[in-house]
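Hi everyone, and thanks for coming. I'd like to walk you through a structure that may be new to you, so please have a look at it with me.

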Amino acid sequence: MNVLLKNLGVIILLIGVAILAVPALTGSMSNSVLAVGLVVVLVGYFSHIFLNKKFD
C-alpha cells in the first residue's frame, strides 16, 4: 500500500499530461482544457513531493 501511495503523485501527474496531450494531438485546444491540465499536473507535482516526504 505504501508503494502505491508513494507513486500516487506520479500517477496524477501522468493523468494531467494525458489531459494535455489528447487535445494537442486532436487539435481541439481550449483554455478550459489547458487550465484543467495545469491544475492536475500541479496537484500531482505537489502530492508527489508531500507523499514522498511522508512515506520515506
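**The aromatic pair**

Let's start with the rings: there is one aromatic pair in this structure. It is formed by tyrosine 45 and phenylalanine 46, whose ring centres are 5.3 Å apart and whose planes meet at 70°, so we call the pair edge-to-face. The reason for that name is that planes over 60 degrees apart count as edge-to-face. If you wonder why I quote two values, a pair of aromatic rings is described by the distance of the centres and the angle of the planes. Before going on, please keep in mind that this is a predicted model.

How exposed are the two partners? Tyrosine 45 is partly exposed, at a relative accessible area of 43%, while phenylalanine 46 counts as exposed, with 52%. The line between those two words is drawn at 50%, because exposed means over 50% relative accessible area.

Now let's turn to helix α2. This helix covers residues 31–54, which makes 24 residues. From its first C-alpha to its last, α2 reaches 34 Å, close to the 34 Å expected at 1.5 Å a residue.

Which residues of α2 are buried? They are Gly37, Val40, Val41, Gly44, Ser47 and Leu51. And what do these buried residues pack against? The answer is α1.

Let me pick out two of them. Serine 47 is part of helix α2. Its relative accessible area is 18%, and because buried means under 20%, that value puts serine 47 in the buried class. Leaving aside residues up to four places away in sequence, serine 47 touches Gly9 and Ile12.

Valine 41 also belongs to helix α2. With the residues up to four places away in sequence again left out, valine 41 touches Leu13, Gly16, Val17 and Leu20. For a sense of scale, take valine 41 and serine 30, which are eleven residues apart along the chain: their C-alpha atoms are separated by 17 Å.

Finally, let's look at the surface. Which residues make the nonpolar surface patch? Met1, Leu4, Leu8, Ile11 and Ile15 do, and the patch comes to about 490 Å². One of them, methionine 1, lies in the segment before α1, the helix that spans residues 2–26. Is methionine 1 buried or exposed? Methionine 1 is exposed, with a relative accessible area of 73%.

That's my tour, and I'm happy to take questions.

Key. Residues are numbered from 1 along each chain as its sequence is written. This is a predicted model: local features need pLDDT of at least 70, side-chain atom pairs count only at pLDDT 80 or more; totals for chains, interfaces and linings use all residues. Side-chain values use heavy atoms; hydrogens and water are left out. Patches are made of residues with over 30% relative accessible area and no salt bridge: like charges are joined within 9 Å, nonpolar side chains (Val, Leu, Ile, Met, Phe, Trp, Tyr) within 5 Å. Accessible areas come from the Shrake-Rupley method with a 1.4 Å probe; for residues, only the protein chains shown count as cover. A salt bridge is a side-chain nitrogen of Lys or Arg within 4 Å of a carboxyl oxygen of Asp or Glu. Helices (H or I, at least four residues) and strands (E, at least two) are DSSP runs, numbered from the N terminus. Buried means under 20% relative accessible area, exposed over 50%, partly exposed in between (1.4 Å probe, protein chains only). The expected span of a helix is 1.5 Å times one less than its number of residues. Contact means heavy atoms within 4.5 Å. Rings of Phe, Tyr and Trp (its six-membered ring) pair if their centres lie within 6.5 Å; planes under 30 degrees apart count as stacked, over 60 as edge-to-face and the rest as tilted.
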